[in-house]
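Please keep the sequence and the structure in view while reading.

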Amino acid sequence: MTPSAYLAHYPEPPTDAAVADARRELQAQQEQLLALSEKITSAEDALAQIVVERKRAIRELRREKLLLEEKVIYTKAYISPIRRLPHELLRHIFLFNFDDHPCCAWVLASVCTLWRRLTLSMPRLWSKIRLVTNQSATADTIRLWLERSGDKVPLDIEIYLRVNGVSNEGSSTRTRPASPTPWLHPPSPPPHYVIPHPPGTAMLLPPAHTPIIVPQSPSHHDSWGSPPPPSSRNTPQAQRNAHWGHIAIFYLIEQMHRWQRFVFRFDRQFPSMSALKSIAVIGDAPILREFEISCAETIYASEWPWIPSSSPATSMALGKLESLMLHHVPFKWSSPIFKTNLRSLNLRSLPSNHLPLDRIMHIIASNPDLESLTLYFAVALPAILPLVQTSLPRLRELTFGGHYHMSQLADSLVLPSLEILNLDVEARDPIEDTITNLLQRSNNPPITRLSVSYGSTSSSTLYYGPGGVVISWGFLTDLNHLQSLSIGGTPLEPFLSALGMPDEEQTHWACPNLTTVAMKSCHAHSDGIAKLVQLVEARNPESGSATMVNGVIPTRLQHLELYDCATLGQDVIEWLKKRVDEVICTEPSSYVRSP
């Protein structure tokens, strides 16, 4: 309705009577409007009440539904086939899983109440400690692990401590590609390890090639490589970092009588490293079979009053010890730990540990049943007492590195069962004499792997070159069982010629069973690449087998490595890959810039 139509019955202009009528009508309209508003409000309140009641009813129905769904899940779980398995059979299944996944107990204990109860009742499932940690993480993980393993089950312990916060200031902005070396670091942690990470992450049982992840207290970044700033030295986090080793080693030492295998590795020096001194004879380990303390870098430490530095008169219960590995930690040659008839011995001494050769030989001779021997001494003094020829009839693997005097030890050994020989000593004399004399003295054992100066080709001396200096490769003709050969720091051409097609002076192939050749930092002249191609062409012809010489056909090469030897060119590399199954090549001119 328009205003003109609504006011049509009123006169214009308005009279007094018309105004009075309009006022009465306005009052009636306002009263009607108020009444309608009250009705609307009342209806809305009633509707809101109904909505509230219905929502309350819906919530109650949903709650009942959730409760019923939970009951359905519990009922289904109760009648599931796996629930019917006897607990004894379930325990056997857990143990089978434990063989492949040493840390499976953490996962199994989080599946359900029954599995958790069974897992916690089986100390053996907690007997293998596999932990990759750092000083910022809590040491309570070790305590909890030990508590759950009970007090009688033998312990197999491997702990890797990653020390954070060391910057590489002052390092060159050009870094060369890395090549393999057995001396730089202890082995990396294998799979199936507990690794600290923020809580709340889901736990899954991964395939065998991935580690098991267990929630743990969050780690905190902290710089340990240098002293913290004054404002942070007294913070709780800094104090925890400073005492991590003492707390963790305290928990471990309490269970020393149950140690069957103890491996503790760390990448560099850390503030609480002195806690390792607590591994003393006061806690005998009568069932200990393998003991290792290793640091990847040289540390600065004086003598420690611990087992490897104990006096000869010390009595200790280590009758079952078979494997010992000490890298960059203090030890004494006269310690009783070296007189336990070891099967495997691996020592890398500190630069401050200056031992004469006869005392190093004393360590070797005290373990006549050795099967694997690895020694690296940066400094070795001449023998005080005459070296006595020592026979190790069971030794299969020998690795010597470091000071040039170490080659004299090889000249005093007889190794009739030797299969693997690694030499990486500083060279004064051609190393082939040491190799030849050792093999002849040992009645030519069947060597299958030989490495000469492949670990480190950069010598620390000014007058003597790396250990790979070989004048003549004639001794290779006597290594008929050799399958893998790695060399470093030697001229490339004579080496390749020795392995190539026999010439008029040679009566047979050198190393006819050779399948793997690795070369590192072997300087080449103009014909070095041509010699390499001729070698591959002779042993791996495009079709058929290699040429027979005196009834012998050499095995085809399967693996070829060249690190910083020569610039081959892409065409040569592609040709090599067509002839050899696996080719790895790093050219000298390639490098990457550090960030």
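## Rings, cysteines and backbone

The charged end of Arg 348 is placed over the ring of Tyr 376, 3.9 Å from the ring's centre. A charge sits over a ring if NZ of Lys or CZ of Arg is within 6 Å of the ring centre and within 35 degrees of the ring normal. Lys 520 likewise lies over the face of Tyr 454, at 5.2 Å from the ring centre.

The model is predicted, and local features need pLDDT of at least 70, side-chain atom pairs count only at pLDDT 80 or more, while totals for chains, interfaces and linings use all residues. Residues are numbered from 1 along each chain as its sequence is written, and side-chain values use heavy atoms, with hydrogens and water left out.

A search of the whole structure gives 12 aromatic pairs. Rings of Phe, Tyr and Trp (its six-membered ring) pair if their centres lie within 6.5 Å; planes under 30 degrees apart count as stacked, over 60 as edge-to-face and the rest as tilted. Phe 331 and Phe 377 form an edge-to-face pair, 6.4 Å centre to centre with 80° between the planes. Phe 331 lies in the loop between strand S6 (323–327) and strand S7 (344–348) and Phe 377 in strand S9 (residues 372–377), so the pair ties together parts that are 46 residues apart in sequence. Helices (H or I, at least four residues) and strands (E, at least two) are DSSP runs, numbered from the N terminus. Both Phe 331 and Phe 377 are buried. Buried means under 20% relative accessible area, exposed over 50%, and partly exposed in between (1.4 Å probe, protein chains only).

How many disulfides does a search of the whole structure find? The search finds zero; a disulfide is a pair of cysteine sulfur atoms within 2.5 Å. The sulfurs of two cysteines, listed below, are too far from the closest cysteine sulfur for a bond.

In the backbone, the peptide bond from Glu 12 to Pro 13 is cis, with omega near -10°. Pro 13 is in the loop between helix H1 (3–6) and helix H2 (16–79).

Asn 341, in the loop between S6 and S7, has a positive phi near 55°. Asn 341 is partly exposed, at 33% relative accessibility. Asn 443 has a positive phi near 65° and is exposed, at 66% relative accessibility.
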